[in-house]
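Here are my notes on this model, written as numbered points. Keep the structure open beside you and look up each spot as we get to it.

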Amino acid sequence: MDFFNYRNNTLFAEDNAIAKLAEHYQTPLYIYSRATIERHWHAFNDAAGLHPHLVCYAVKANSNLAVLNVLARLGSGFDIVSKGELARVIEAGGDASKVVFSGVGKKVDEIAFALEKGIYCFNVESEPELARIQQVAQKLNKKAAISLRVNPDVDAGTHPYISTGLKENKFGVAIDDAITIYLKASTMSHIDIKGIDCHVGSQLTTITPFIDALDRILMMVDNLAEQGINLSHIDVGGGLGVTYQDEQPPMPSEYVAAIIERIGERKLTILFEPGRAIMANAGILVTEVEFIKTNQGRHFALVDAAMNDLIRPALYQAWQNIVPVTPNDTLESKTYDIVGPVCETGDFLGKDRLLAIQAGDLLAVRSSGAYGFTMSSNYNSRPRAAEVMVDGEQHYLIRQRETLAQLWQGESLLPDNK
Ligand SMILES: Cc1ncc(COP(=O)(O)O)c(C=O)c1O
Ligand SMILES: N[C@@H](CCCC[NH3+])C(=O)O
């Protein structure tokens, strides 16, 4: 059962199900749906059909072990950006040989760890990184499989903070330098060139930037073949957007079909790195209204979730739908700012929302399954929220709410007399 099906706008599997979970586990509380996660993953995997491909879920979107485990059981690959994410994938039962390692600043120990675990490929983002991977691989007497992340200089048309494929961004190597770097890589003793990679940004709601980038990358694939470098895969990155408000991004099937069509007869395995498209609308953040207050005619709902729990509204002015868990028609609707208890003016979850609510009500912040918990922090010494996975008629606590003692775990007082 899909616990919350965004497109059909049905939020609740059963009356009071969310309220019961919130009462039991306290708020703020993240709730995910296994069925929705699986449906979204299949949307990519099934669309690619018989074309050789691997869906490498972007772990940064949501790295809870249970989430990774659900995907690992489907046979998913994973896109990681740190040693920590790789450790999580392995701990969750994921297959290291289906892991691609992205990121601009891989450290020596991270590269060594990935080589020891036998990942599928490093997505190399610079020439110094390539040299470092060669060095580490040589030392470990291993061959490192690589692809080069090429920056296609395409405007993703998304928020500047999550746009990654423009010349001025720190990601990847400039398309004009790529051939030279591939030729260098081809002479390196412990480097095995496997593919090419690009990722132009996140929350893309049209297909055009993907295709523009792909066309440039495919031109590079053909140029490389002429130089005797034959690639076996193309990694198209992630970035497919979701519906938060009224966006109408392409469906995964449409997106995947467009990519396959463009690749044509070329013998290339396709790697996809979706994060948000799998997780965003598979999760909600439930929060309780502590107080209603009015300042100078402006209405505020003070809730018990804050920017430390969900930073997207504060960081990107992101809009996420906020709905009462149990609608109450007897209350008067007013326009509220939904704000948390953190001491920052930027601490809001939503502004100008017309809601009929009162203190004690539960609100669901929708589309919070991606970049919600993973971007949370302990700012203001707030313990991080619990996470629950709904699985059919069952639910499982997949992360306990942090205790106060966990807030200072690893810290110590200064010794006496120093
Ligand atoms: C290299 C790379 N791959 C995949 C993703 C996942 O992106 P999204 O969650 O938008 O699918 C990101 C984040 O934008 C990324 O930087
Ligand atoms: N954290 C961003 C997405 C960034 C993707 C990382 N490359 C968001 O919440 O929208």
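**Notes on the predicted model**

1. A word on conventions. This is a predicted model, in which local features need pLDDT of at least 70 and side-chain atom pairs count only at pLDDT 80 or more, while totals for chains, interfaces and linings use all residues. Residues are numbered from 1 along each chain as its sequence is written, and chains are lettered from A and ligands numbered from 1 in the order in which they are written.

2. How do the domains meet? Six residues of domain 1 are in contact with seven residues of domain 2 (contact means that C-beta atoms, placed from the backbone, lie within 7 Å). On the domain 1 side, the touching residues are four nonpolar, two polar and no charged. For that sorting, Ala, Val, Leu, Ile, Met, Phe, Trp, Tyr, Cys and Pro count as nonpolar, Asp, Glu, Lys and Arg as charged, and the others, Gly among them, as polar.

3. Now the inside. The largest nonpolar core has 117 residues, and those with the most contacts inside it are Leu 29, Ile 31, Ile 133, Ile 146 and Val 286. Such a core is a set of buried Ala, Val, Leu, Ile, Met, Phe, Trp, Tyr and Cys residues joined through C-beta atoms within 7 Å. A residue is buried if 20 or more other C-beta atoms lie within 10 Å of its own, exposed if 12 or fewer, and partly exposed in between, again with C-beta atoms placed from the backbone. This core takes at least three residues from each of domain 1 and domain 2. In soluble globular proteins, nonpolar side chains tend to be buried together.

4. Next, look at helix H1 (residues 17-25), whose buried residues are Ile 18, Leu 21, Ala 22 and Tyr 25. Helices (H or I, at least four residues) and strands (E, at least two) are DSSP runs, numbered from the N terminus. Why do these residues sit on the same side of H1? Because they cover an arc of only 100 degrees around the axis, the arc being that of the directions from the helix axis to the C-beta atoms. The face turned away from them carries exposed Lys 20 and His 24. Strands packed against by the buried residues of H1 include S1 (29-33) and S11 (283-295).

5. Gln 26 follows H1 with a positive phi, near 70 degrees. Thr 27 and Pro 28 are joined by a cis peptide bond, with omega about -5 degrees, and Pro 28 lies in the loop between H1 and S1. Most residues other than glycine have a negative phi, and most peptide bonds are trans.

6. Two other spots have a positive phi. Asn 141, not a glycine, has about 55 degrees, and Ser 367, also not a glycine, has about 60 degrees. Which of them is buried, and which exposed? Asn 141 is exposed, because it has 8 other C-beta atoms within 10 Å; Ser 367 counts as buried, because it has 26 C-beta neighbours inside 10 Å.

7. Finally, the ligand. Ligand 1 is surrounded by 17 residues, and the closest are Ala 58, Ser 202, Gly 238, Gly 275 and Arg 276 (a residue is near if its C-beta atom, placed from the backbone, lies within 6 Å). The shell divides into six nonpolar, eight polar and three charged residues.

Key:
Contact = placed C-beta atoms within 7 Å. Domains from an automatic or database assignment.
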